[in-house]
Amino acid sequence: MPEPFSLYVHVPYCTVRCGYCDFNTYTASELGGGASRASYAAQAIAEIGLAAAHLRAAGREPARVETVFFG
């Protein structure tokens, strides 16, 4: 049975990075225009699909996500 895991979903529209943020994050300006509010949801879903494909390629079946953090 696959081990459950958690996801952190970064919403890259911060004006500044919070001092307490420990995640590898970028503000929209640091992405150099690579972030689009209009396409964000589709890109986030595609990224989750890529992560699942990576797990399968490594011989691990994606598990049920127990917790989702947004920040």
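## Ground rules

In what follows, a contact means heavy atoms within 4.5 Å. The structure is a predicted model, where local features need pLDDT of at least 70 and side-chain atom pairs count only at pLDDT 80 or more, while totals for chains, interfaces and linings use all residues. Residues are numbered from 1 along each chain as its sequence is written, and side-chain values use heavy atoms, with hydrogens and water left out.

## Fold and confidence

Let's start with the overall layout. The protein chain holds one helix and two strands, and from the N terminus on their order is β-α-β. Here helices (H or I, at least four residues) and strands (E, at least two) are DSSP runs, numbered from the N terminus.

The predictor's confidence in each residue is given as pLDDT, from 0 to 100. Its mean over the protein chain is 78, with 82% of residues at 70 or more. Strand 1 (residues 5-9) has the lowest confidence, with a mean of 82, and helix 1 (residues 40-57) the highest, at 87.

## Surface and contacts

Of the 71 residues in the protein chain, 11% are buried. Buried means under 20% relative accessible area, exposed over 50%, and partly exposed in between (1.4 Å probe, protein chains only). The accessible surface totals about 5,600 Å², and carbon and sulfur atoms supply 59% of this surface; such areas come from the Shrake-Rupley method with a 1.4 Å probe, and for residues only the protein chains shown count as cover.

Among contacts with a separation of 6 or more, 59% join residues 24 or more positions apart.

## Val 68 and its surroundings

Now for a closer look at one residue. Val 68 sits in strand 2 (residues 65-70) and is partly exposed, at a relative accessible area of 40%. Leaving aside residues up to four places away in sequence, Val 68 touches Leu 7 and Val 9. Ser 6 is 62 residues from Val 68 along the chain, yet their C-alpha atoms are separated by 5.7 Å.

## Ala 52 in the helix

Ala 52 belongs to helix 1 and is buried, with a relative accessible area of 16%. From Ala 52 to Ala 63 the C-alpha distance is 8.9 Å, and the two are 11 residues apart in sequence.
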